[in-house]
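Hi everyone, thanks for making time for this one. Let me put it on the screen.

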Amino acid sequence: MSITNRSVKRSRISEATFRELERYFSLDLEAHKIAFRARLHGNTVNRHLLVIRQRIVEFCEGSSPFKSEMEIDESCFVARNIKGKRGRTQMGKRLSAAFF
């Protein structure tokens with residue numbers, strides 16, 4: 001019997017088992033719970049979940065309107081001045097990130 005999997009090359013699990021992993025991944029289960037339910041070793045599950053995540057990243061990068069690098073700048077806005085406190089330790093200070 002030949003085990004074939006169209007999703008992952010040189011995979012030793014069947015297509016049905018891989019779809020079961022995808023279903024558990026979409027339910028947001030943890031890797032050790034997926035391994036228990038699918039009766040697979042944890043390293044096997046982690047390897048296949050990594051492949052799923054990489055494909056999601058490839059799809060998102062392909063459909064993203066941003067094609068170049070982005071720079072994220074951090075800004076601090078102080079609500080009021082408190083005597084004796086300076087910098088990040090000052091109470092009432094708010095952090096925000098500006099995206100360019």
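Let's begin with helix 3, residues 42-63. The expected span here is 1.5 Å times one less than the number of residues. Helices are DSSP runs of H or I with at least four residues, strands are runs of E with at least two, and both are numbered from the N terminus.

Before I go on, a word on the source: this is a predicted model, where local features need pLDDT of at least 70 and side-chain atom pairs count only at pLDDT 80 or more, while totals for chains, interfaces and linings use all residues. Residues are numbered from 1 along each chain as its sequence is written, and side-chain values use heavy atoms, with hydrogens and water left out.

Back to helix 3: which of its residues are buried? They are Thr44, Val45, His48, Leu49 and Ile52. These residues sit on the same side of helix 3, because they cover an arc of only 125 degrees around the axis. That arc is taken from the directions from the helix axis to the C-beta atoms. For the accessibility words, buried means under 20% relative accessible area, exposed means over 50%, and partly exposed is in between, with a 1.4 Å probe and protein chains only. As a reminder, an α-helix has 3.6 residues a turn, so residues three or four places apart point the same way. On the other side of helix 3, Asn43, Glu58 and Glu61 are exposed.

And what covers the buried residues of helix 3? The cover includes helix 1 (15-26) and helix 2 (31-38).

So let's turn to helix 1. This helix has 12 residues and reaches 16 Å from its first C-alpha to its last, close to the 16 Å expected at 1.5 Å a residue. Buried in helix 1 are Glu15, Thr17, Phe18, Glu20, Leu21 and Tyr24, and these buried residues pack against helix 2 and helix 3.

Helix 1 also holds a charged pair. Arg19 forms a salt bridge with Glu15, with 3.4 Å between the closest N and O atoms; the cut-off is a side-chain nitrogen of Lys or Arg within 4 Å of a carboxyl oxygen of Asp or Glu. Arg19 and Glu15 are separated by about one helical turn, because they are four residues apart in helix 1. Arg19 counts as partly exposed at 44% relative accessibility, whereas Glu15 counts as buried at 16%. A search of the whole structure finds one salt bridge.

Still in helix 1, we have Glu22, partly exposed with a relative accessible area of 35%. Glu22 and Leu49 are 27 residues apart along the chain, yet their C-alpha atoms are separated by 8.0 Å.

Now the core. The largest nonpolar core has 11 residues: Val8, Ile13, Phe18, Leu21, Tyr24, Ile34, Ala35, Ala38, Val45, Leu49 and Ile52. By that I mean a set of buried Ala, Val, Leu, Ile, Met, Phe, Trp, Tyr and Cys residues joined through side-chain atoms within 4.5 Å. Helix 1, helix 2 and helix 3 each supply at least two residues of this core. Take Val8: leaving aside neighbours within four places in sequence, Val8 is in contact (heavy atoms within 4.5 Å) with Phe18, His48 and Val51.

Next, the loops, for those of you who like backbone torsions. Asp28 lies in the loop between helix 1 and helix 2 and has a positive phi of about 65 degrees, although it is not a glycine. Asp28 counts as exposed, at 68% relative accessibility. Arg39, in the loop between helix 2 and helix 3, also has a positive phi, near 60 degrees. Arg39 is exposed, with a relative accessible area of 75%.

Over in helix 2 we find His32, which counts as exposed at 55% relative accessibility. His32 and Gly42 are 10 residues apart in sequence and 6.1 Å apart in space, C-alpha to C-alpha.

Finally, the whole chain. The protein has three helices and two strands, running α-α-α-β-β from the N terminus on. Buried residues make up 20% of its 100 residues.
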